[in-house]
Amino acid sequence: MRTRSRHGWRRVVNLVNLGALVLVVATALPLYWLVAGSLKPATEVGATPPSPWPADVTVANYVDAFTSVGFGRYIANSVVVASVSTVVVVGLATFAGYALARTPMRGRGPLMIALLMISVYPAIAVVIPLYLVERQLGLLNSHAGLIIPYIAFNLPFAIWIMRNYMLAVPRGLEDAASIDGASPTRTVLTVILPQVRPGLFTAGVFTFTATWTEFLMALTFNSQDAYRTVPVGIALYGTTFEVPYGTIFAAAVSVTAPIAILVLVFRRFVVAGLTAGAVKG
Amino acid sequence: MRTTAGEALVPPQRRSPEGMPAGRGGAPDRRDAMQRRMARIGWGYTSPSLLVIGLVTLFPIVFSLVLSFARVRITYDGFAVEALTLGNYVALLGSGDWYYALGFTVLYTVVTVAIELVLGTLAALVLERLGAGRGWIMALLLIPWSMITVVSAQLWAYIYNSTYGVATWVFESLFGTAPLILGRPVSAIAGMMVADIWKTTPFVAIIVLAGLVMLPQDVYEAADVDGAGPWTTFWRVTLPQLRSTIAVAILFRILQAFGVFDLPFVLTGGGPGIATQSLAVMGYKTLFQDLNIGPGAAIAASTGLLVAGACLLFLRAFKAQVGKEDVT
């Protein structure tokens, strides 16, 4: 390892610790400002000079967000859309990822490239045709109207993740199962699946985060208040003349905290997912 | 199910007892049959996904290309395609706003990705050497990444607010004047970039860190023995080995940044004027606010094609540089 012996103050005050401090402060300060703003009464939110911490801590913004504004409904919509999409995506991606990693299908290479390109294709390029089709099918302003495109556009990346995890599973396991007479589907479900549990989490966390934060399609397809998701609710709340930041931040903290906890708990898998395909092995 | 039927076709004794891949020592035709069967199962497993992806993504992609060549008339209950024309693209190429949006999107992409790459690599180097607290700092870094972009856009709009924003206050106390951060083109662009850099640098840092941790240590010992200083070691040993990791980070960031929509839409609305109007924001406004479906589809479809083209070029360059096995 490249650790050099350090003495006295240099053990604590050095470039590395200084850099870490800068990193933490730069990341945390805006987050602190969000939380502080959510706890301030309206007059303090708009105070000049800004008050460094809430002088008069209140939960009025949180009450407001969930009673008069109806963020609860937006959260419910987001939870339904994101969780259904995630479950379907992970389920489909498991089998597709297995097939692409382990079976001698022709054209796997081009298929993987095509999937990669679809996963980065900008949403703006598809919203108008999808909008027209959904209007024709009566899918606008419904949960299915978001779930269907979310599944399709998040599947490709999830397949990539699952395939990369499948590649790391030792071959011998499947062969042993096959000798015991297990069908391929049973082999995948009982032998392979337990081996790629981290992959399931990674694909799940990724899909959930992507669908939870998606804005453009949600804005275009589900503009009616009853079907708005959290990002749309937060973006459209307020008027041109007055933006009630306290309430917005209370809603923002309420929706960021669960995801932050989810990411903290599964951080190992998130980090692994971020590097899926980047690093071999 | 086809799989249970398939099971009966290949009895277990056709496989060698050591659990080797089937047919390795057997007759070639038997091995081919096995291969074909596995390929069939593969397509069986993949087809539900491909069906969904094909119907819901490929169809709109093609449809948007067709629309971009269409002269569309808005009717009472929808719209009608009147004729196929190149007019939408001709209009696009004659529109100063489109060139501006393209230029702005490219500038935004290049500047943010470059800064995020440098800061992210520095952050990763710091985190790699940090003993205690690394896990917690990584967890903290993941919060901006997992945040809804609309939320962070609202947060930065509040920070930049011209009367009570904390950034405005900082400038006022330092220089005595209060700039309209989101009211002037240059500062609005810079402000938007800062918001993006804050949210996305952690993503780059974590990717680079994962690459750093996996580097073999013996090379460093060799460099140490050869008397290379930390600076030389970084440029000559660390960076070249990180190439494929960094390339993937760049690819994802460039392609995401090029489609940027949420941040300008909420933070600035594309303003002041059209100063922060990205291609996606311009496409959205043309499609859904001006209801100009043909030209809007041309903006949207050309953005998609630019991303797809860049992705292909990048993959080719990447393949040539680091070898095929890293890509597929």
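Start with chain A: 32 Å separate the centres of its domain 1 and domain 2, taken over C-alpha atoms. Select 8-60 for domain 1 and 69-274 for domain 2; these bounds come from an automatic or database domain assignment. This is a predicted model, where local features need pLDDT of at least 70, side-chain atom pairs count only at pLDDT 80 or more, and totals for chains, interfaces and linings use all residues. Residues are numbered from 1 along each chain as its sequence is written, with chains lettered from A and ligands numbered from 1 in the order in which they are written.

Now colour the contact between those two domains: seven residues from domain 1 of chain A and six from domain 2 of chain A (contact means C-beta atoms, placed from the backbone, within 7 Å). On the domain 1 side, H1(A) gives the largest share, four residues (helices are DSSP runs of H or I, at least four residues, numbered from the N terminus).

Last stop: 149-160 of chain B, helix H6, with 12 residues and a reach of 16 Å from first C-alpha to last. Buried or exposed, the residues of H6(B)? 12 of the 12 are buried, so H6(B) is largely enclosed by the rest of the structure (buried: 20 or more other C-beta atoms within 10 Å of a residue's own, placed from the backbone). Click on Trp156(B) or Tyr160(B), both among the buried ones.

Methods: Helices (H or I, at least four residues) and strands (E, at least two) are DSSP runs, numbered from the N terminus. The expected span of a helix is 1.5 Å times one less than its number of residues.
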